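Subject: Structure handover

Hi,

Here is the model I said I would pass on. Have a look at it first, and my notes follow below.

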Amino acid sequence: MTIAPNIAAPDNQEYIPVKQPFNFGRWFRATGWRHLVGAVMVVFSAFPLLYVLSASLHPGGTLITANGLFSEVDLGSYVTLFNLPQQPYAAWYGNTLLIGGITSAGTVFLGALAAYSFSRMRFTGRRAGLLMLVLVQMFPQLLAVVAIFLLLNGISDIFPAIGLDTQIGLIMVYLGGALGVNTYLMYGFFNTIPASIDEAAKLDGAGHARIFFTIILRLVAPILAVVGLLSFVGTTNEFVIASIVLITPEKQTLAVGLYQFVSQEFSSNYSVFAAGAVLAALPVMALFLWLQKYIVGGLTAGSVK
């Protein structure tokens, strides 16, 4: 048996790779099926958005006449949306941004303070407090609607500024309801930060407040962004409690106000409702795009320079 010598190619000869014939079955089993699933999910997710956008541009006023996507394009619904004195859409929009912004900022701040206390401090009732945070979240928020109404109605007789039909009262209700789940969510993330960072800062004379505001908050930026985004989205879409607390039309939010366009039997206008829904989605989308870099970038950031 003879072995053929390994003859190397000359230095001046360029190596040309041999193209393998395309095998569709092999490509589909390896990566093709992923592209198919991705295309189906994109169509499944984008179709409702395109349908609502098409309905907002259709002058018919009903969803049945808007079956043909972008068969008619008219901006009349957007103009009508801001010219209805009984439905002040501009006021609803401003109220939603104000309530959602304050609620999300307050939720992040209070949740971070509570999570830092449970994660870094040892005190009596710590484990019982964490257990209560989990147990309270087992009960749906809808069960507390009657209690919230009676509580705010009683507060209105003493402190009308934070009682029923006030935006401050609604913000306080949102802050109290979101503190539990967000605190427990942040608590798990705070535990991933090494305690040696706190100990090194304490050796330099830093207290808990300085450690929290100058060191810990920067390291937990991803969870702060996630909690802020979820809080803003949840506040913007919340309907039940906002409809109970806010009675005056000028003080209501978008979720409560937009329902008026489709709740009336003889004056339903789905085109205007769709136009309002499209504009209501813009702040949420903008906030997500702004916080996305903090969520992705913060996951790879650390305390090591």
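**Aromatic cluster**

Phe109, Tyr116, Phe190, Phe212 and Phe213 come together as one aromatic cluster. Rings of Phe, Tyr and Trp (its six-membered ring) are paired here if their centres lie within 6.5 Å; planes under 30 degrees apart are stacked, those over 60 are edge-to-face and the rest are tilted. The structure has 11 aromatic pairs. One of them is Tyr116 with Phe190, edge-to-face at 6.5 Å centre to centre and 70° between the planes. Tyr116 sits in helix α3 and Phe190 in helix α6, so this pair ties together parts that are 74 residues apart in sequence. Tyr116 is buried at 4% relative accessible area, and Phe190 is buried at 0%. (Buried means under 20% relative accessible area, exposed over 50%, partly exposed in between, with a 1.4 Å probe and protein chains only.) Phe212 and Phe213 make another edge-to-face pair, with 5.0 Å centre to centre and 80° between the planes. Phe212 is buried at 3% relative accessibility, whereas Phe213 is partly exposed at 44%.

**Before you go further**

This is a predicted model, so local features need pLDDT of at least 70 and side-chain atom pairs count only at pLDDT 80 or more, while totals for chains, interfaces and linings use all residues. Residues are numbered from 1 along each chain as its sequence is written, and side-chain values use heavy atoms, with hydrogens and water left out.

**The chain overall**

The secondary structure comes to 13 helices and zero strands. Helices (H or I, at least four residues) and strands (E, at least two) are DSSP runs, numbered from the N terminus. Of the 305 residues in the chain, 34% count as buried. Contact means heavy atoms within 4.5 Å; among contacts between residues at least 6 apart in sequence, 69% join residues at least 24 apart.

**α3 against α9**

Helix α3 (residues 89–120) packs with helix α9 (residues 221–237) at an angle of about 145°, their axes 8 Å apart. The axes are lines fitted to C-alpha atoms, for helices over the stretch in contact, and angles run from 0 to 180 degrees between N-to-C directions. On the α3 side the contact residues include Gly100, Gly101, Ser104 and Ala112, and on the α9 side they include Val227, Gly228 and Phe232. By class, the contact has seven nonpolar, 10 polar and no charged residues. (Ala, Val, Leu, Ile, Met, Phe, Trp, Tyr, Cys and Pro are nonpolar; Asp, Glu, Lys and Arg are charged; the others, Gly among them, are polar.)

**Local spots to check**

Helix α1 (residues 24–56) has a kink of about 60° centred on Thr31, where the bend at a residue is the angle between axes fitted to the seven residues ending there and the seven starting there. In α1, Gly32, Ser54, Ala55 and Ser56 are buried.

Asp165 has phi near 65°, a positive value in a residue other than glycine. Most residues other than glycine have a negative phi. Asp165 falls in the loop between α5 (145–158) and α6 (167–190) and is buried, with a relative accessible area of 16%.

Finally, Ala242 is in helix α10 (residues 240–245) and is buried at 0% relative accessibility. Leaving aside its neighbours within four places in sequence, Ala242 contacts Leu170, Tyr174, Thr253 and Val256. Its C-alpha atom is separated by 9.8 Å from that of Leu254, 12 residues apart along the chain.

Cheers
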